[in-house]
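Reader: I would like to go through the packing in this model. Please show it first.

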Amino acid sequence: MIWKTAWKNVWRNKIRSLVVIISITIGIFGGVFAVAVMNGAIAQRVDAALNDEISHIHINDPSFRDNYDIQLTLDQPERLLDTIDSTPGVAAVTFRTIITGMANTATKSTGVQIVGIDPEKEKSVFTLYKTTIPGTGSFFDQDSRENLAYIGQDLAKELNIIRYIIDDSVLEALVEKEVPQDVVDKLKGFNGYRFKSEKSFKQEVKNVLSVKEQRDFGSLIREEAWSFRPRSRMTLTFLDKNQVQTGAVFRIAGIYDVRNSMFEMTQVFVRNSDLIPLTGLAPDQFHQAVIRVDDMQAAPDISETLKEKLPGYEVMNWKEIQPDLAMMTDMIEKFYAIFMVIILAALAFGIVNTMLMVVLERTKELGMLTAIGMNKKRVFNMIMMESVFLSIVGGVVGMGISQAVIGITARNGINFTNYQEGLEALGYTSHIYPSISPSFFIMVTVLIIITGILSSIYPALKALKLDPAEALRTE
Amino acid sequence: MNNLKMAWRNLWRNRRRTLITSASVLFAVFFALFFRSLQLGSYDHMFKNAIESYTGYIQVQQKDYWDEKIVDNTFAYDRQLEQQLLADKNVEAAIPRFESFALASNGPQTKGVLVLGIDPEKENHLSKVSEKMVRYRLDAESISKIGQDPEIPDKVKELARLFEDNAYTNSSRLQLDLGISDKDAPVIMPSIESFTSFENGYIKMGEPGVLVGDKLSQYLQLGIGDTIVLIGQGYHASTAAGKYEIKGIVKIPLPDIDNKIVYLPLDICQGLYNAEGNLTSLALDVVDNRDKAIDETMARIDKIVTGDKRVMGWREMNEVMVSQMDADNKSGMIMIAILYLVIAFGVFGTVLMLTAERKREFGVLVAIGMQKKKLASVMTAEMLLIGLIGMLSGALVATVIILYGVGHPIIFKGSMAKMFEDYGMEPMMAFLGINTYFLWQIFIVALMVLLSIVYPLSKIFKMKVVNALRA
């Protein structure tokens with residue numbers, strides 16, 4: 001009964017209640033949406049790490065990771081494979097050869113990790129093959145007798161395999177894509193020019209275009225000027241099993257884009273059938289087994305089981321391989337909670353003030369209610385209910401709007417192009433799809449109710465202190 | 001003056017409400033200042049680390065060097081230019097450097113490294129390499145010695161094992177990582193220092209020898225006195241190869257640099273790359289490192305530096321880091337904006353109540369001859385005072401904490417510190433002292449109050465006295 005009265009009381013002064021409700025709505029929406037964007041970025045990072053970069057469990061020689069010594073191959077790969085296959089929860093496994101070396105083209109060279117793989121098995125563990133940039137080839141689909149290498153976009157840029165060129169066809173394409181003629185005219189000065197690097201391309205284009213033109217057409221111009229020479233080659237050099245310098249020319253099979261500079265710069269994938277003959281290793285000698293499990297949450301348990309079954313090997317799950325990522329996923333929920341608590345604390349001031357007003361304004365009415373026999377507990381409850389209703393209405397509307405906006409933005413994602421370079425250096429994509437788990441909404445709801453209750457205590461106590469005789473006499 | 005007096009008295013007619021509204025402003029201002037100070041302070045610290053251990057504030061380079069970092073894009077070490085640069089009032093020192101890449105190896109271990117030819121004496125003006133020498137190290141041997149010492153508590157022994165292989169450039173960080181309080185330090189630290197002390201040497205111009213980063217030395221499994229082999233590409237595509245004795249180990253506070261840096265004496269490095277007398281850059285140390293002073297200095301230097309050379313500022317050289325900080329900075333600002341928005345509604349709620357409650361009073365005042373304009377200014381003054389009280393008290397509380405924080409940055413100890421280090425960050429959070437971000441809060445609060453005042457003012461001006469009197 002009392003809650004009905006409280007609900008009606010909320011709507012006695014509509015404007016006042018609405019101000020509080022709107023402020024709660026905005027606070028909750030702002031908080032939830034900000035959290036969703038952050039959470040989306042992290043979820044995408046974890047997703048990319050687990051699906052494209054590291055997968056769930058690695059098995060290698062205990063000393064292998066110290067310095068990637070080529071001689072530290074896996075013992076008894078046959079038996080190892082049997083053990084892994086017979087472990088419940090394992091979805092797929094692939095074996096890799098991992099060698100530290102250098103990648104060279106005519107003008108540049110850089111240190112890389114050469115990863116020898118079996119493309120078919122690799123596809124069952126990693127989804128990296130899906131990130132091939134259209135037009136650059138494929139993930140070893142070519143039927144070629146040449147050595148093939150699958151490399152990252154940033155490495156391709158570093159080695160001048162991807163270049164920026166502005167020529168007639170680029171200018172024509174820009175006109176076709178409805179870039180204004182005066183912008184295209186400004187770029188005509190570069191006709192036939194090959195830029196030395198992405199940096200110099202950006203710099204030179206920046207010099208001729210205005211800020212607005214860059215913002216509107218910059219990415220389009222970059223896309224068109226971006227050029228990849230099919231059949232590009234590079235040389236991979238490294239020390240073989242007997243510490244003898246060796247190497248070979250590899251043709252670029254395809255270029256991948258995982259929006260993680262570190263990974264793209266260092267990971268060069270080649271077929272084991274091309275790599276093994278150069279290394280002096282036997283065809284069944286590998287450095288690492290990479291396992292994908294059915295349920296990512298179960299990875300730590302499965303890796304424990306494998307550890308027991310496989311003494312003498314190093315078995316690591318993704319949380320151990322990338323502790324920063326694990327820490328991030330474990331800690332971030334606490335951060336979200338703290339953030340929401342701060343917002344709700346700010347909201348609480350507004351609620352307290354309004355409820356105080358409610359009590360003072362109704363002094364006479366409350367006095368009357370007490371005088372005709374409504375006990376103090378019910379008065380207290382009524383005030384508390386009103387406060388909780390205010391916060392719940394605001395909270396529910398706020399969460400509803402958040403859910404809708406998250407749904408809309410998640411369809412196409414939000415693009416933070418301005419921060420692309422910085423975010424990708426940390427391994428985060430700049431194209432974020434906001435997302436949040438349902439449990440977060442439950443937590444927020446609980447916090448909102450607690451806020452409503454806490455901020456009603458002071459005004460409700462004020463109401464209890466009223467002396468009925470005194471209160472009745474007030475105007 | 002009278003208006004202000006009336007406003008002030010009005011405020012205290014409903015003391016509770018004034019205090020709660022001011023408190024909400026206080027809350028917002030305090031949090032905003034506190035978080036801004038921490039965030040901006042951390043950027044400041046990170047930039048200083050990057051600038052002072054590596055790039056310097058301003059560099060003079062050959063014009064193509066930054067785009068293509070090859071030995072061919074170097075310039076002759078021109079003493080006349082150096083003198084001209086030093087003549088600038090904001091340039092404290094011009095430090096010659098020769099920077100390149102090479103493959104470093106020790107038997108089977110190979111890694112691409114950053115080779116930096118430096119003048120060991122001049123470098124003390126900027127990157128202060130001599131202060132970054134490893135002095136203590138928790139290697140297996142020192143940990144076992146710590147383990148056997150009965151005077152050292154078990155908790156310290158445990159932490160020592162957690163931090164195995166960590167290197168330290170000073171004993172205070174070592175003390176913090178081991179979780180030893182200042183009270184216990186005089187008793188325990190001397191023995192720990194002696195267990196962990198690390199014999200280190202330094203390089204000198206003209207003498208072959210290298211310093212290597214701590215992480216790099218661990219990766220290559222090299223120690224003092226061992227030999228490192230460097231292979232790279234020299235001037236005009238010649239081969240650059242050399243064998244050098246490791247004289248010392250440095251710990252650079254940037255993990256990305258620490259795991260790939262090799263310092264050589266400048267002349268030896270030029271010899272290695274067959275580029276005698278050439279430099280890749282002259283890094284400048286400045287007297288005044290504020291943004292404005294740097295920009296002005298760069299403009300002046302730009303006139304001196306001619307021909308095939310160019311001037312670069314630290315922002316351009318640390319582009320990626322600037323972009324990261326910028327993204328992080330924006331996200332922090334959005335959170336504060338949400339906080340302020342919520343508080344603004346709270347203030348608006350108060351205004352709404354004030355207006356409703358005093359409708360009749362306003363009517364009476366106007367009826368007995370008070371001008372509506374005057375009434376409006378009293379009302380505005382009231383709200384501004386509420387904002388001012390909240391803002392000043394919030395700023396006061398925040399200032400006290402921030403000023404304390406500037407002298408005492410938050411430094412993490414024990415396993416918490418380990419977590420930060422795993423993440424590639426220094427285990428500390430610095431505060432930024434009072435700066436322009438304080439002004440922003442004043443501006444925001446003022447804006448907030450002024451926006452919320454619109455409603456009561458329009459009420460006052462539209463008010464019909466007869467109706468108001470009957471309310």
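**Helix pairing and contacts**

Author: The model is predicted.

Reader: Which residues make the contact?

Author: From H15(A), they include A:Ile342, A:Phe349 and A:Leu356. From H2(B), they include B:Ile20, B:Phe27 and B:Phe31. By class, the contact has eleven nonpolar, four polar and two charged residues.

Reader: What makes two residues of chain A and chain B count as in contact, and how many do?

Author: Their C-beta atoms, placed from the backbone, must lie within 7 Å. By that test, 46 residues of chain A are in contact with 42 residues of chain B. H15(A) gives the largest share of chain A's side, 16 residues. That side has 25 nonpolar, 15 polar and six charged residues.

Reader: How is chain A divided?

Author: Into domain 1 (2-49 + 325-473), domain 2 (55-160 + 230-321) and domain 3 (162-228).

Reader: How do you know that domain 2 of chain A touches domain 3 of chain A?

Author: Eight residues of domain 2 of chain A are in contact with four residues of domain 3 of chain A. Helix H6 (residues 153-158) of chain A gives the most to the domain 2 side, with three residues. The C-alpha centres of these two domains lie 36 Å apart.

How values were computed:
Residues are numbered from 1 along each chain as its sequence is written. Chains are lettered from A and ligands numbered from 1 in the order in which they are written. This is a predicted model: local features need pLDDT of at least 70, side-chain atom pairs count only at pLDDT 80 or more; totals for chains, interfaces and linings use all residues. Helices (H or I, at least four residues) and strands (E, at least two) are DSSP runs, numbered from the N terminus. Ala, Val, Leu, Ile, Met, Phe, Trp, Tyr, Cys and Pro count as nonpolar, Asp, Glu, Lys and Arg as charged, and the others, Gly among them, as polar. Domain bounds come from an automatic or database domain assignment.
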